[in-house]
Amino acid sequence: MDAFGTRYEMPAGVTVEPVSANGVPAEWTEAEGADPSRVLLFLHGGGYISGSLRSHRHLVAEAGRIARMRTLALDYRLAPEHPFSAALDDALAGYRFLLSQGIMPHDIALGGESAGGGLALAAMVSLRERGVPLPACAWLSSPWADLSQSGATMQTKAPVDPLIQKPYLDELAAAYLHGAEADNPLASPLEADLGGLPPLLIQVGSDETLLDDSVRLAGVAGAAGVRITLEIWPDMIHAFTLFYPQVAKAREALQRVAAFIEAGTRAT
């Protein structure tokens, strides 16, 4: 995944600064003209066993550039060396780091892709339970929200999904859960009470086995009173915004992300 990410050039005019976010390795990116008071906190994908700052740096930087805000990407701990709930603990530490830097919750957008999308949801549920003010909004790209792989599209979309199949996800889930139950709401947030969460933008491709995670998640969150925007992008595959330098629909999707975040966070 790191090799994939580093094949893409960074957007012009973006600076990168490593930082320790309450002990979690992380990095800031900032484009020219960005509002430093507004931050996108991003949690990468990779099934909880892979992915890094390098694999998603180009995507994070571009999302921040077009949303005109700083980004903080977290290099949270990975399984199997660090199973559940290490990644969640690191996500919470990163969010608290932003608050300690004087960033107001209404100026924070949370972003997560695939496993990072499920992690973003779990983090918000945990923050809510602890009485910590929540971010203004969250962007979830192809979120993995059900570690039991019970969605119907695990089967119906298997013939057209070139990346993600149920046996692979079962292996990843076993490595991350390390004996924990798959229906633990902080591992599979589809099982969580999502009431009180901020507005969510869910983007998913029509040609991915994880499609049902997004569709069911929108239903569960919407029924809990959460404002939901669900976008199913025709002919797109898992985590398609990663391919924005090559795919026009991915660039269009990122523009919609930027508009959603700018509407959700404080105006510059």
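This is a predicted model: local features need pLDDT of at least 70, side-chain atom pairs count only at pLDDT 80 or more; totals for chains, interfaces and linings use all residues.
## Salt bridges

The side chains of Arg77 and Asp90 form a salt bridge, with an N to O distance of 3.1 Å. This pair connects distant parts of the chain, since Arg77 lies in the loop between strand 4 (69-74) and helix 3 (86-100) while Asp90 belongs to helix 3, 13 residues apart. Arg77 is partly exposed at 35% relative accessibility, whereas Asp90 is buried, with a relative accessible area of 7%. The structure contains eleven salt bridges.

A second salt bridge pairs Arg256 with Glu231, at 2.5 Å from N to O. Here too, distant parts of the chain are linked: Arg256 sits in helix 8 (residues 248-264) and Glu231 in strand 8 (residues 228-233), 25 residues apart. The relative accessible area of Arg256 is 42%, which makes the residue partly exposed; Glu231, at 10%, is buried. Salt bridges with shared partners also join Asp146, Asp213 and Arg216 into one network. In a further salt bridge, the closest N and O atoms of Glu129 and Arg128 are 2.7 Å apart. Glu129 is exposed, with 58% relative accessibility.

Helix 7 (residues 211-223) has 13 residues, which at 1.5 Å a residue should span 18 Å. The C-alpha atoms at the ends of helix 7 are 19 Å apart, in agreement with that expectation. Just after helix 7, Gly225 adopts a positive phi of about 90 degrees.

The buried residues of this helix are Leu211, Asp212, Asp213, Ser214, Leu217, Ala218 and Ala221. One of them, Asp213, is also a member of the salt-bridge network with Asp146 and Arg216. The elements that cover the buried residues of helix 7 include helix 4 (115-129), strand 6 (137-141), helix 5 (153-156), strand 7 (200-205) and strand 8.

## Packing of helix 2 against helix 8

Helix 2 (residues 53-67) packs with helix 8 at an angle of about 55 degrees, and the two axes are 8 Å apart. Helix 2 is therefore oblique to helix 8. The crossing of helix 2 past helix 8 is right-handed.

On the helix 2 side, the residues in contact are Leu59, Glu62, Ile66 and Ala67. They meet Leu254, Gln255, Ala258 and Glu262 of helix 8. Helix 8 also carries Arg256, the partner of Glu231 in strand 8.

## Backbone geometry in the loops

The loop between strand 4 and helix 3, which holds Arg77, also contains Pro80 and Ser85. The peptide bond between Ala79 and Pro80 is cis, with omega of about 5 degrees. A cis peptide bond also runs from Phe84 to Ser85, where omega is near 15 degrees.

Positive phi values occur at residues other than glycine as well. Tyr48 has phi near 70 degrees and is located in the loop between strand 3 (35-43) and helix 2. With a relative accessibility of 2%, Tyr48 is buried. Ser142 has phi near 45 degrees and lies in the loop between strand 6 and helix 5. Its relative accessibility is 0%, and Ser142 accordingly counts as buried.

Technical notes:
Residues are numbered from 1 along each chain as its sequence is written. Side-chain values use heavy atoms; hydrogens and water are left out. A salt bridge is a side-chain nitrogen of Lys or Arg within 4 Å of a carboxyl oxygen of Asp or Glu. Helices (H or I, at least four residues) and strands (E, at least two) are DSSP runs, numbered from the N terminus. Buried means under 20% relative accessible area, exposed over 50%, partly exposed in between (1.4 Å probe, protein chains only). The expected span of a helix is 1.5 Å times one less than its number of residues. Contact means heavy atoms within 4.5 Å. Axes are lines fitted to C-alpha atoms, for helices over the stretch in contact, and angles run from 0 to 180 degrees between N-to-C directions. Angles under 35 degrees count as roughly parallel, over 145 as roughly antiparallel, 65 to 115 as roughly perpendicular and the rest as oblique. A crossing is left-handed if the near helix is turned anticlockwise from the far one by less than a right angle, and right-handed if clockwise.
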